[in-house]
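Trainee: I should like to learn how to read a protein structure. May we go through it feature by feature?

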Amino acid sequence: VPMQVVRSKATAGRVEADEEVYQEEELPYNLVEKLQDAGINAADLKKLKDAGFNTSQSIVFAMRKDLLSIKGLSDQKVDKIIEAARKATDSGFLTCGQLVS
(Lines give C-alpha, C1' and ligand atoms only; values in the text may rest on other atoms or scores of the structure.)
Protein backbone atom coordinates (compact mmCIF):
# COMPACT_ATOMS: atom_id res chain seq x y z
CA VAL A 1 0.00 0.00 0.00
CA PRO A 2 2.72 2.58 0.77
CA MET A 3 4.22 1.94 -2.67
CA GLN A 4 0.96 3.00 -4.37
CA VAL A 5 0.90 6.24 -2.39
CA VAL A 6 4.45 7.04 -3.53
CA ARG A 7 3.52 6.38 -7.17
CA SER A 8 0.45 8.60 -7.02
CA LYS A 9 2.52 11.42 -5.52
CA ALA A 10 5.14 11.00 -8.23
CA THR A 11 2.45 10.96 -10.92
CA ALA A 12 0.81 14.07 -9.46
CA GLY A 13 4.18 15.83 -9.59
CA ARG A 14 4.56 14.99 -13.26
CA VAL A 15 1.07 16.21 -14.10
CA GLU A 16 1.73 19.49 -12.31
CA ALA A 17 4.99 19.87 -14.19
CA ASP A 18 3.23 19.23 -17.52
CA GLU A 19 0.57 21.82 -16.70
CA GLU A 20 3.28 24.36 -15.86
CA VAL A 21 4.91 23.77 -19.25
CA TYR A 22 1.62 24.51 -21.01
CA GLN A 23 1.09 27.65 -18.94
CA GLU A 24 4.43 28.99 -20.09
CA GLU A 25 3.92 27.97 -23.72
CA GLU A 26 0.90 28.54 -25.92
CA LEU A 27 -1.76 25.87 -25.45
CA PRO A 28 -2.33 23.54 -28.41
CA TYR A 29 -6.08 24.31 -28.22
CA ASN A 30 -8.33 27.27 -27.41
CA LEU A 31 -10.37 27.07 -24.23
CA VAL A 32 -14.02 27.96 -24.60
CA GLU A 33 -13.58 30.85 -22.10
CA LYS A 34 -11.66 32.74 -24.79
CA LEU A 35 -14.94 33.11 -26.71
CA GLN A 36 -16.01 35.66 -24.12
CA ASP A 37 -13.54 38.05 -25.79
CA ALA A 38 -15.61 37.62 -28.97
CA GLY A 39 -18.79 38.73 -27.21
CA ILE A 40 -20.23 35.39 -26.13
CA ASN A 41 -22.13 35.60 -22.83
CA ALA A 42 -20.45 33.95 -19.82
CA ALA A 43 -23.70 32.13 -18.95
CA ASP A 44 -23.79 30.60 -22.46
CA LEU A 45 -20.16 29.52 -22.10
CA LYS A 46 -21.03 27.79 -18.82
CA LYS A 47 -23.87 25.94 -20.59
CA LEU A 48 -21.40 24.80 -23.26
CA LYS A 49 -18.89 23.60 -20.67
CA ASP A 50 -21.60 21.78 -18.71
CA ALA A 51 -22.55 20.01 -21.94
CA GLY A 52 -18.91 18.92 -22.47
CA PHE A 53 -17.73 21.54 -24.96
CA ASN A 54 -14.51 22.75 -23.33
CA THR A 55 -12.58 23.99 -26.38
CA SER A 56 -13.31 26.10 -29.42
CA GLN A 57 -12.30 23.15 -31.57
CA SER A 58 -14.96 20.95 -29.99
CA ILE A 59 -17.57 23.55 -30.96
CA VAL A 60 -16.30 23.89 -34.52
CA PHE A 61 -16.41 20.14 -35.09
CA ALA A 62 -19.70 19.55 -33.25
CA MET A 63 -22.92 18.94 -35.11
CA ARG A 64 -25.20 21.97 -35.03
CA LYS A 65 -28.09 19.88 -33.68
CA ASP A 66 -25.95 18.88 -30.69
CA LEU A 67 -25.37 22.53 -29.86
CA LEU A 68 -29.06 23.33 -30.36
CA SER A 69 -29.98 20.56 -27.92
CA ILE A 70 -28.33 22.53 -25.09
CA LYS A 71 -31.12 24.13 -23.09
CA GLY A 72 -31.05 27.92 -23.32
CA LEU A 73 -29.15 28.19 -26.63
CA SER A 74 -31.26 29.55 -29.48
CA ASP A 75 -30.55 29.30 -33.23
CA GLN A 76 -29.07 32.80 -33.24
CA LYS A 77 -26.86 32.13 -30.22
CA VAL A 78 -25.58 28.88 -31.71
CA ASP A 79 -24.75 30.61 -34.99
CA LYS A 80 -22.88 33.35 -33.12
CA ILE A 81 -21.01 30.81 -30.98
CA ILE A 82 -20.00 28.71 -33.99
CA GLU A 83 -18.78 31.79 -35.87
CA ALA A 84 -16.76 32.99 -32.85
CA ALA A 85 -15.26 29.50 -32.39
CA ARG A 86 -14.28 29.35 -36.07
CA LYS A 87 -12.54 32.71 -35.81
CA ALA A 88 -10.77 31.67 -32.61
CA THR A 89 -9.57 28.41 -34.14
CA ASP A 90 -7.07 28.26 -36.93
CA SER A 91 -8.24 24.96 -38.37
CA GLY A 92 -6.71 25.61 -41.78
CA PHE A 93 -10.04 24.80 -43.42
CA LEU A 94 -11.01 26.85 -46.46
CA THR A 95 -14.14 26.65 -48.56
CA CYS A 96 -13.70 26.42 -52.31
CA GLY A 97 -14.94 29.99 -52.68
CA GLN A 98 -12.34 31.24 -50.19
CA LEU A 99 -9.60 29.32 -51.99
CA VAL A 100 -10.50 30.77 -55.39
CA SER A 101 -10.64 34.38 -54.11
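Trainee: Leaving aside its neighbours within four places in sequence, which residues is Asp44 in contact with?

Mentor: Contact means heavy atoms within 4.5 Å. By that rule, Asp44 is in contact with Gly72, Leu73, Lys77 and Ile81, once neighbours within four places in sequence are set aside. Please keep in mind that this is a predicted model, in which local features need pLDDT of at least 70, side-chain atom pairs count only at pLDDT 80 or more, and totals for chains, interfaces and linings use all residues. Residues are numbered from 1 along each chain as its sequence is written, and side-chain values use heavy atoms, with hydrogens and water left out.

Trainee: Where is the place of Asp44, and does Asp44 count as buried or exposed?

Mentor: Helices (H or I, at least four residues) and strands (E, at least two) are DSSP runs, numbered from the N terminus. Asp44 belongs to helix α2, residues 42-50. Buried means under 20% relative accessible area, exposed over 50%, and partly exposed in between, with a 1.4 Å probe and protein chains only. Asp44 counts as buried because its relative accessibility is 5%.

Trainee: How many helices and strands does the protein have?

Mentor: The protein has six helices and zero strands. Buried residues make up 21% of its 101 residues. Among the contacts with a separation of 6 or more, 51% are between residues 24 or more positions apart.

Trainee: How far apart are the end C-alpha atoms of helix α5?

Mentor: The expected span of a helix is 1.5 Å times one less than its number of residues. Helix α5 (residues 75-88) has 14 residues and should therefore span 20 Å; its end C-alpha atoms are 20 Å apart, which agrees.

Trainee: Which residues of α5 are buried?

Mentor: They are Val78, Ile81, Ile82, Ala84 and Ala85. These residues lie on the same side of α5, because they cover an arc of only 165 degrees around the axis. The arc is that of the directions from the helix axis to the C-beta atoms. The face turned away from this buried side carries the exposed residues Gln76 and Lys87.

Trainee: What do the buried residues of α5 pack against?

Mentor: They pack against α2, α3 (56-60) and α4 (64-68). Ser56 lies in helix α3, and Ser56 is buried because its relative accessible area is 0%. Not counting residues up to four places away in sequence, Ser56 touches Asn30, Leu31, Val32, Leu35, Ala85, Ala88 and Thr89.

Trainee: Which residues touch the most other members of the largest nonpolar core?

Mentor: A nonpolar core is a set of buried Ala, Val, Leu, Ile, Met, Phe, Trp, Tyr and Cys residues joined through side-chain atoms within 4.5 Å. In the largest one, of 17 residues, those touching the most other members are Leu35, Leu48, Phe53, Ile59 and Leu67. Two or more residues come from each of α2, α3 and α5, and α5 gives the most, with five residues. Leaving aside neighbours within four places in sequence, Leu35 is in contact with residues including Ile40, Leu45, Ser56 and Ile59.

Trainee: Where is the place of Ile70?

Mentor: Ile70 is in the loop between α4 and α5. Ile70 is buried, with a relative accessible area of 9%. Ile70 touches Lys47, Leu48, Ala51 and Phe53, not counting residues up to four places away in sequence. Although Ile70 and Leu48 are 22 residues apart along the chain, their C-alpha atoms are separated by 7.5 Å.
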